Amino acid sequence: MAAALGTAITPAAAAPVAPRGNHRLPRHRVAASRSRAAPARRLALHASASPTATADAPDEAVAEPSVEPPETKLSKLACPICYYPLVGASDQSGDASTLKCSSCKKVYHNKQDYWDLTVAVGSTEYSESMPAATELFRTPLVSFLYERGWRQNFIWGGFPGLEREFETAKTYLKPTIGGTIVDASCGSGLFSRLFVKSGLYSLVVALDFSENMLKQCNEYLRQESISDEGLALVRADISRLPFMNGSIDAVHAGAAIHCWPSPACAVAEISRVLRPGGVFVASTFVADVIPPAIPLLRIARPYISQITGNNTFLSEVEFEDLCKACGMVDFKFVRNGFYIMFSATKSS
């Protein structure tokens, strides 16, 4: 769920966002003053709203100079159903408590630890089963153990360790420094926290399908006294990302793609949300270390996937082919045993 070679990079200035806890917007982002009308609040929430006031607008609406409203961490989010922007609705304190789709009008609520932007959120009767691997990582036990031994065991598969993985990822991600990065399938936030502490990005979106992983991520933020300024925690489906087309600069997915129900659908979604020139970086396992076993694995992997919910990859060529099929180019990778980290760039 939760990627080694970079030179020192000057941290980019982080855009001011909400204090840690409920992951809400600062009051001054929702409205410049308590007296401001509701339309002005929506202007502050929406980077896409028109910044120009009309000549006959009320005095309070033109009290400040007409400037492009600054982006916030919520202005990057979109409805996972129709991909239209979300409009914030504030509570009595002026903080954003819900997000509403500007098209289909569906409402998404702040879950205290994260925003739930899954398609079926709010359903009372409907439910669907997920692959075994997905459900496993939703359990409180695995979420608790993930950074307490589980992820560390990946070193036996050739993973070089957290620091070296992060350095390699930074090397691939250099063209996107200063923008917005989504740490997809972030787990308990191993890399999300590193991206925040590095100061390399104006916004880090820690995204996972597991509610308990996101709660664990929030707990680590408190334990390590890491400000969530420039950080948003979001629950979402990797195959239905809550972002508008071409709105994201980079997507990182550490040790995750083998757990995705459909890697093809997920990579297609990642390509959709990446801007031209945006970068996708991922790490996972490749089971080609023992060549004589490859023909057998090729036959058995559909059944392995059905039983365990995990995907088995047999060559880095498979990832290159998938990225190319989804509109990405400039494929690069590093290998060590079963471990692979690769990157691809969204074509311009």
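Reader: Is Arg-193 buried or exposed?

Author: Buried means under 20% relative accessible area, exposed over 50%, and partly exposed in between, with a 1.4 Å probe and protein chains only. Arg-193 has 6% relative accessibility, so Arg-193 counts as buried. This is a predicted model, in which local features need pLDDT of at least 70, side-chain atom pairs count only at pLDDT 80 or more, and totals for chains, interfaces and linings use all residues. Residues are numbered from 1 along each chain as its sequence is written, and side-chain values use heavy atoms, with hydrogens and water left out.

Reader: Which residues does Arg-193 touch?

Author: Contact means heavy atoms within 4.5 Å. Not counting residues up to four places away in sequence, Arg-193 touches Glu-147, Ser-188, Tyr-220, Leu-221, Glu-224 and Ile-226.

Reader: What joins the side chains of Arg-193 and Glu-224?

Author: A polar contact is a pair of N or O atoms within 3.5 Å; within protein, one must be able to donate a hydrogen and the other to accept it, and residues adjacent in sequence count only if both atoms are side-chain atoms. Here the two side chains, of Arg-193 and Glu-224, are joined by a polar contact of 3.2 Å.

Reader: What is the relative accessible area of Cys-101?

Author: The value for Cys-101 is 1%, so this residue is buried too. Among the residues Cys-101 touches, not counting those up to four places away in sequence, are Cys-79, Cys-82 and Leu-86. Leu-86 is 15 residues apart from Cys-101 in sequence, yet the C-alpha to C-alpha distance is 4.6 Å.
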